[in-house]
Amino acid sequence: MLPIRKQNHGSPTVGRRFLSLTVVGLLLGTGASAQSPQGVPDISHMSIEELMNVEVTSVAKRPQRLADAAAAIFVITQEDIRRSGAASIPEALQMVPGLEVVRIDENKWAIGSRGFNGRFDNKLLVLIDGRSVYTPLFSGVYWNVQDVMLEDVDRIEVIRGPGATLWGANAVDGVINIITKPAQATQGGLVTAEGGTEERTAESVRYGGKLGNSAFYRIYSKYFEWEPSIDATGKAAHDGWNAVRAGFRVDTKSSGPNALTVQGDLYDSDYKETLTIPSLNPPYSSMFANDGDYAGGNLLGRWNHSFSRSSTTLQVYFDRTNVLDNSLFTDHESVYDIDFQHDIHVGESQELVWGMGYRSIQDSNGSSFTVSLQPNHSSLNQFSSFLQDEVSFFDRRLRVTLGSKFEHNDFTGFEFQPNVRVLANIGKNQSVWAATSRAVRTPALTEEGLRLNEAVVPPGAPPFFSPLPVVEAIFGSTQFKSEDLLAYEFGYRVQVAKSVSLDIATFYNNYSNLRSAEPGQPFVEGSPAPTDVVYPFVASNKMGGGTYGVEPFVEWKVLPKWRLLGSYSYLQMDIAKNKNSLDPTADNPDGQSPKHQFFVQSSIDLPKHFEQDLSLRYVDSLPSLNIPSYYSLDFHLGWRPGTHWEFSLVGHDLLNSRHLEFIPEFINTTPTEVQRTVSGRIAWKF
Amino acid sequence: MRYLRLTIAALLCMSLASGGANAQSADSSESSEYLIKAGFIYNFAQLVQWPPAAFAQPDSPIVIGILGVDPFGELIDRVVQNKKLDGRSLIVKRLKRGASLKECSILFVSSSEAAHLEEVLQSTKGLPILTIGEIPGFAVRGGIINLTLEGNRVRFEVNIEAAKQANLNISSRLLALARIVPQSADGKRSE
């Protein structure tokens with residue numbers, strides 16, 4: 001799927017995909033450009049009253065044409081999700097150029113943008129319907145609990161590169177914005193059932209209706225269970241999981257200037273893993289089958305009010321996450337967030353957006369010998385505001401966007417994150433854009449107060465030859481500062497021919513104050529018994545360097561019913577510790593993200609309502625993890641006889657019987673192998 | 001956790017039980033702005049009456065002209081293709097600035113023409129052409145219908161005075177949904 005089909009307003013297909021937040025969120029749900037001609041819905045039967053009720057944007061801020069976005073953006077439409085056969089959000093993200101999406105075990109993922117990938121990747125911001133799901137605990141995302149009813153997703157917008165000016169700290173290397181359809185677009189019932197090898201049995205139900213004359217609602221529930229995968233020796237692993245989830249969304253009819261949305265979800269997920277933790281007693285480490293549980297819920301309200309030349313949005317949400325892993329760590333986190341935003345049209349060539357927000361985070365946690373966090377209860381406050389102005393010149397052929405986020409957090413105080421973006425349309429079919437931005441990744445609770453016992457070296461063993469056991473432990477530090485990024489981006493889009501378009505994004509990222517682990521003064525610890533020596537590694541900011549890359553993307557409509565997509569991602573990381581760093585670990589994170597990746601997809605609409613999709617993905621080796629490169633071939637065959645039924649057959653990873661994709665950092669869970677799977681799915685709409 | 005599961009099971013049952021009836025919807029997953037706007041234009045064609053003299057033949061087509069850079073692409077063609085209104089088919093023509101607008105029944109003025117608005121509106125003056133724009137102030141400056149985005153929805157403004165001058169009769173149903181705007185003093189002066 002190609003986010004950018006043409007370069008200016010004049011193109012036949014442009015305008016079908018839009019950006020909502022100046023450079024970020026795409027606005028109009030549309031899969032139109034991505035789908036076959038018969039896939040464009042016939043709206044000519046809709047009355048003008050009905051058309052007035054259709055929401056063409058969902059997550060606030062003003063619309064901007066995708067082709068006019070001065071950012072590297074990719075949009076996964078509902079149609080793309082359906083045709084990929086993806087059963088989870090991470091699977092759907094695998095098609096995005098410039099993203100690294102790998103599975104650690106059945107219930108753990110590592111997802112990163114433009115490098116620094118890991119289970120605890122801390123430079124990617126993820127939002128679901130405007131709610132940030134980035135946990136302040138470790139500055140990352142619990143991918144296993146970020147789920148929605150995939151059929152209700154309108155689109156997933158992925159921005160590679162910083163989005164900090166609008167989204168705030170931590171939108172350093174990318175923003176993933178998952179946007180569900182408004183309730184009026186999901187009226188009626190839907191039941192799905194899915195079953196397959198290895199994985200999954202999954203069922204979901206959704207029903208949407210009207211609340212009187214003034215609002216629409218939907219409620220949904222889904223359940224899935226994934227069977228264990230296999231370990232490196234080919235034996236069944238201990239990594240199965242299941243999750244149950246339910247939620248609702250209510251949207252008012254928009255006959256007046258006010259629009260109100262209220263939505264919420266509840267979930268519970270049990271997971272299994274094989275965990276290795278250190279111990280002070282022989283054999284100083286133990287590996288065992290561990291079970292845990294994630295549960296939580298959220299509630300969000302959004303009110304939009306339109307004036308003649310401006311609009312305001314007020315959004316409030318509450319999000320609760322409970323992590324219960326009794327062998328390792330328990331955490332209860334509550335986030336309260338309020339955001340206000342005002343969009344103003346100033347004259348004909350200027351658009352101004354400003355906003356402010358406050359977020360309160362309450363965390364309480366319980367420790368184990370392996371992981372502990374001080375304090376056990378903490379309360380954080382974040383204040384933010386932003387201002388961004390877009391001015392266009394020469395009949396909107398040149399646009400300049402200037403803005404900054406101003407934030408205050410409890411760790412590092414005031415943070416300033418400006419950007420400037422320029423886009424120029426050259427003739428009808430080409431555009432170039434360039435951007436310079438600063439983004440920061442603010443410290444997580446763990447970086448200030450963590451103690452993680454990584455390993456225990458037995459008495460007398462190298463490298464310490466100590467008479468006492470030596471605990472190698474990672475410590476947070478109140479001295480830890482924000483990580484900094486200065487990003488320079490450049491992009492080019494061209495409609496090569498009527499059926500071929502090309503989008504190239506390049507970047508150079510200059511990082512400073514990246515996290516390192518500096519050795520501290522060893523000390524003797526008497527409790528818990530037996531007495532041991534602690535060899536500390538303390539979080540510090542003594543690493544930096546540059547990364548650069550190129551991400552071309554091509555879409556070719558070979559025939560009206562046959563579409564080919566291709567993308568390639570090149571990433572070079574030159575990250576090194578500063579000269580004054582004593583961090584003894586391997587030099588840098590360079591070898592944990594693939595240098596080369598490509599993705600090719602063919603989508604064909606066959607006669608008699610059949611559709612067939614085939615995609616091939618290549619992921620380069622990860623030298624520092626000893627993971628070889630691999631190809632992954634996925635297959636989807638769908639049949640939609642009439643409007644009520646859909647049948648599909650999906651094959652994942654057909655070229656390999658099994659392969660390893662990643663080895664997790666920090667927490668030593670045993671990675672498992674991704675297997676070839678075949679699954680079938682039935683959906684019934686009524 | 002067990003409690004949560006029970007709750008969810010109950011929800012499932014409820015949602016199944018409530019199924020069936022009145023479950024039709026416009027699935028707006030493809031609610032692209034210009035698809036919706038194309039739908040508006042098709043609706044406008046049904047809710048506006050042209051004077052008989054506006055058409056050479058009883059079956060002359062309704063010509064939708066798109067002036068300037070075209071934001072619709074094939075979307076608008078698909079919406080109107082094979083459709084008939086009072087025996088007239090609808091056809092879409094892309095026009096460059098300066099082209100003759102006389103054969104148009106509907107003229108969509110692209111935002112690319114914002115700087116030349118006065119010129120465009122002068123050239124349609126007195127002709128039975130339903131001018132539609134998406135330029136701030138389009139209707140106030142003498143265009144008939146201006147499409148706007150308010151929050152997440154498409155809205156429109158109507159300049160009744162301009163419609164009268166074009167000898168077009170706009171249905172009350174359309175007017176009831178519109179924001180009625182007056183012609184600006186500037187617009188009057190330019191007449």
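## A loop residue in chain B

B:Asn167 sits in chain B, in the loop that joins helix H5 (160-165) to strand S9 (169-170). Helices (H or I, at least four residues) and strands (E, at least two) are DSSP runs, numbered from the N terminus. Although B:Asn167 is not a glycine, its phi is positive, about 65°. B:Asn167 has a relative accessible area of 52% and is exposed; exposed means over 50%, buried under 20%, and partly exposed in between, with a 1.4 Å probe and protein chains only.

## Basis of the model

The model is predicted: local features need pLDDT of at least 70, side-chain atom pairs count only at pLDDT 80 or more, and totals for chains, interfaces and linings use all residues. Residues are numbered from 1 along each chain as its sequence is written, chains are lettered from A and ligands numbered from 1 in the order in which they are written, and side-chain values use heavy atoms, with hydrogens and water left out.

## A positive phi in chain A

A:Tyr284 is a residue other than glycine with a positive phi, near 70°. Its place is the loop of chain A between strand S16 (258-278) and strand S17 (285-306). A:Tyr284 counts as buried, at 13% relative accessibility.

## Cis peptide bonds in chain A

The bond from A:Gln374 to A:Pro375 is a cis peptide bond, and its omega is near -5°.

A:Pro463 belongs to the loop between strand S26 (450-457) and strand S27 (470-475) of chain A.
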